[in-house]
Amino acid sequence: MFGIVSLLLVSGPAVADPGHAHAEFSAGEPGNPKRTSRTIMVTMREGDGKMLFAPSRLEIPRGEQVRFVLTNNGELEHEFVLATTEENIKHAEEMKKNPDMEHDDPNARRVMPKKKGEIIWRFTKAGTFEYGCLIPGHREAGMTGTIVVK
C-alpha cells in the first residue's frame with residue numbers, strides 16, 4: 001500500500017492531508033453559503049520583515065457560521081489554513097518537504113498577490129484554533145492568527 005500512496009503523491013498534484021476527505025475537522029465543518037451569520041474580512045500581507053494576518057485574533061460563538069473574505073494585499077502568495085496549532089505545525093513541516101503542495105480542503109485557501117478568496121466555516125466546537133500561512137518561511141515570519149470559539 002505504501003508504494004501506491006507514494007506513486008500517487010509523485011505522479012499527481014500533492015493534496016493537503018487526504019485524510020480530511022471525510023469532512024471532519026478540528027475547528028468545525030464547512031458551512032452553507034446560504035446560512036452565514038456574518039462576514040469577517042482577513043487581510044494577508046508582508047512588510048518590515050514580517051508576514052501577518054489582520055486581524056490576528058478573533059472570538060466567535062460556538063455554532064456560528066462565518067464567511068471569511070481573504071484579501072492578499074502582499075507581493076507574495078499566501079494561504080489561510082484553519083486548524084489547531086498542533087495540526088498546522090505538523091502540516092507546515094510537510095510543506096517544507098513539498099513546498100508546491102496544493103490544498104484541496106474546505107478549511108484552506110491559497111490566495112495569489114492582489115487577489116481574494118473565501119472560506120465559509122461553521123464553528124461547531126469550542127476551543128482555541130489557529131489560522132496560519134503554511135508556505136515555508138511564512139509561519140516563521142509571524143503569519144498566524146488565533147480564533148477563540150466560546
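Buried denotes under 20% relative accessible area, exposed over 50%, and partly exposed the range in between (1.4 Å probe, protein chains only). The model is predicted, with local features requiring pLDDT of at least 70, side-chain atom pairs counted only at pLDDT 80 or more, and totals for chains, interfaces and linings using all residues. Residues are numbered from 1 along each chain as its sequence is written, and side-chain values use heavy atoms, with hydrogens and water left out.

**View 1. Salt bridge between glutamate 77 and arginine 110.** A salt bridge is a side-chain nitrogen of Lys or Arg within 4 Å of a carboxyl oxygen of Asp or Glu. The closest N and O atoms of glutamate 77 and arginine 110 are 3.2 Å apart. Glutamate 77 lies in the loop between strand 5 and strand 6 (78–83) and arginine 110 in strand 7 (residues 108–111), so the pair ties together parts that are 33 residues apart in sequence. Strands are DSSP runs (E, at least two residues), numbered from the N terminus. Arginine 110 is partly exposed at 28% relative accessibility, as is glutamate 77 at 30%.

View 2. Strand 1 (29–30) and strand 8 (residues 116–122) run antiparallel and are joined by two bridges. Glutamate 29 has arginine 122 as its bridge partner in strand 8.

**View 3. Salt bridge between glutamate 130 and arginine 139.** The N to O distance is 2.5 Å. Glutamate 130 is buried, at 6% relative accessible area, and arginine 139 is buried at 17%.

Terms used:
Two strands pair if DSSP finds at least two bridges between them. Helices (H or I, at least four residues) and strands (E, at least two) are DSSP runs, numbered from the N terminus.
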